[in-house]
Amino acid sequence: MLKEELKKLCIEAIDNNKEKIIQFGKNIYETPELGYKEFKTTEKVISAFKDLGQEVETEIAYTGCRISSGSKSSPVIAVIGELDSIICPSHKDANSDGNVHACGHHVQLANLYGSAIGLLNSGVINKLDGRVDFIAIPSEECVDYGYRTKLINEGKIKYFGGKQEALYRGKFDEIDIYMQCHMKDFDDGKKCIVNSKCDGFMTKIVKFIGKSSHAGFAPHEGINALNMANLAVNNINALRETFKDEDKVRVSAIITNGGDLVNVVPDTVCMEIMVRAFTTDAIIEINKKITKALKAAAFALSGSVEINDRVGYLPLKTDEKLSNLYKKNMIEYGNLSDDDFIEMYETAGSTDLGDLSQLKPCMHIWASGITGGLHTADFKVGDDYTAYVLPAKMLALTVIDLLYNNAEKAKAILDSFKANFTKKEYLEFLDKNTFIDLFDGSDL
Ligand SMILES: [Zn+2]
Ligand SMILES: [Zn+2]
């Protein structure tokens, strides 16, 4: 069968289930859950996958699930949809915990489901050479550190990011190529971003430890942990002029506990810090500077600081050959023209797809169909077909391109790809940079 005929069958299957795909996305929108709490959401995906007659693998990364097109072993393409929501209490659809799908992950899951319908229900998959896994993955947003640290301490997960966790558990060992979309609001007349480069980051959970005393009659006997935190923020600000523009550095800090009683010199103050940069080397270098800034603050007041470092996500770099297949499909089957695309988007935002892109070719498309900024109260789906259905078609058509005719296109992409890490090196890198540093500044 010609490739164009396969693509037509695939599009027909998706068009015939258009309403079902849209309703599935809307149903997911009703139960927003944060990362590693996506129990209801995972159940909904499992039951939709089962309805397609598929055997579903569950708990792939604590939550999450997957179906696979069969036993053909290689190449293996993964189509990914993310399960977690964010918190945005000011959004009109936020639930009582403030949770809402204002990052469009519910749309991703509809895209995932729709592409599975297109490739599996149509029977097209049987004419291709290779395998497709449809994966609903947890915990992309790097938030809610307290809950995730608890899961880590209980031995239930090892990493904050769902893709990191699945990789660690060996769930991605057979996968050669990853594909996914995020939604974006376009205000410049464009309709699709083909390639992205994103910052990676490290997280620091920081505890300044001083000595309590009466704030009125004996402050001189105390060691003020809040003053240490204030100094730390100033030290970090003093460093900002040393950051190179091309490294796209962002250092964000919040105080999560600033003391308990106003008439007691606070002996414990906690902070969370995120250190973002455009390359892995820059992340490590800037992170060291921030550590010195924190220790200097403790040193000045003869207090201590406990710094809990952890690799957040690694920088993303998408594979241009791979993304171009999606772009061509958007032109041929999605009515877009060359002017509608932004070829490359460089951003200081981050995603755990970045980690996967250090090991294997990744495609990350920014698709249209939503309005309002991501993670804001204005976020909403503007056009159901464009958001829920069109990317499902384009993902499926791109799989056809990759696996048609002895998977020659997938193999060419894999041949020219240069990995920055093997899985073993990657996990060693994460472990090496995850540690607790306790600095005692009481002595010279
Ligand atoms: Zn997000
Ligand atoms: Zn997202």
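**Reading the metal sites**

Tutor: Begin with the metals: Cys103 bridges the zinc ion (ligand 1) and the zinc ion (ligand 2), which lie 3.1 Å apart. Keep in mind that this is a predicted model.

Student: Which residues are the protein donors of the zinc ion (ligand 1)?

Tutor: The zinc ion (ligand 1) has Cys103 (SG), Glu141 (OE) and His375 (NE2) as its protein donors, at 2.0 to 2.3 Å. Along the sequence these donor residues follow the spacing C-x37-E-x233-H. Cys103 sits in the loop between strand S5 (99-100) and H4, and His375 in the loop between strand S16 (370-371) and strand S17 (380-381), so the pair ties together parts 272 residues apart in sequence.

Student: What are the protein donors of the zinc ion (ligand 2)?

Tutor: They are Cys103 (SG), His105 (NE2), Glu140 (OE) and His182 (NE2), lying 2.1 to 2.5 Å from the zinc ion (ligand 2).

Student: Why is the arrangement around the zinc ion (ligand 2) called irregular?

Tutor: The general idea is to compare angles with an ideal: four tetrahedral donors at a metal would give 109.5 degrees. A set of four counts as tetrahedral if all angles lie between 85 and 135 degrees. Here the 4 donor atoms around the zinc ion (ligand 2) subtend angles of 83 to 141 degrees, so the arrangement is irregular. His105 belongs to helix H4 (residues 105-121) and His182 to strand S7 (residues 177-183), so this pair ties together parts that are 77 residues apart in sequence. His105 counts as buried because its relative accessibility is 0%, and His182 counts as buried at 3%.

Student: How many disulfides does the count come to?

Tutor: A disulfide is a covalent bond between the sulfur atoms of two cysteines. To count as one, the two sulfur atoms must be within 2.5 Å. By this rule the count is 0 disulfides. Take Cys10: the closest cysteine sulfur, in Cys181, is 14 Å from its own, which is too far for a bond. Cys10 is also buried, with a relative accessible area of 0%. For Cys142, the closest cysteine sulfur is in Cys103, 13 Å away and again too far for a bond. Cys142 counts as buried at 10% relative accessibility.

Student: What is the volume of the largest pocket, and which residues lie nearest its centre?

Tutor: The largest pocket has a volume of about 650 Å³. Its lining is made up of 27 residues, and those nearest the centre are Glu141, Met274, Arg276, Ser350 and His375.

Student: Which strand gives the most to the lining of the largest pocket?

Tutor: S11 does, with 4 residues. Strands S10 (250-257), S11 (268-277), S14 (341-347) and S15 (362-367) each supply at least two lining residues. By class, the lining has 14 nonpolar, 8 polar and 5 charged residues.

Student: How many cavities of 30 Å³ or more does the search find?

Tutor: A cavity differs from a pocket in that a probe fits inside but cannot get out. The search of the whole structure finds 1, and the volume of the largest cavity is about 30 Å³. Its lining consists of Tyr159, Phe160, Gln164, Arg310, Val311, Leu430 and Thr434.

How values were computed: Residues are numbered from 1 along each chain as its sequence is written. Chains are lettered from A and ligands numbered from 1 in the order in which they are written. This is a predicted model: local features need pLDDT of at least 70, side-chain atom pairs count only at pLDDT 80 or more; totals for chains, interfaces and linings use all residues. Side-chain values use heavy atoms; hydrogens and water are left out. On a 1 Å grid over the protein atoms alone, a cavity is a set of points where a 1.4 Å probe fits but cannot get out, and a pocket is an open set with protein on both sides within 12 Å along at least five of seven lines; lining residues have an atom within 4 Å of a point. Grid points are joined across faces, edges and corners, and a volume is the space filled by probe spheres set on the points. Donors are N, O and S atoms within 2.8 Å of the metal (3.2 Å for Na, K and Ca); water is not among the atoms, so sites may look incomplete. Four donors count as tetrahedral if all angles lie between 85 and 135 degrees; four count as square planar and six as octahedral if opposite donors are over 155 degrees apart and all others between 65 and 115; anything else is irregular. Buried means under 20% relative accessible area, exposed over 50%, partly exposed in between (1.4 Å probe, protein chains only). Ala, Val, Leu, Ile, Met, Phe, Trp, Tyr, Cys and Pro count as nonpolar, Asp, Glu, Lys and Arg as charged, and the others, Gly among them, as polar.
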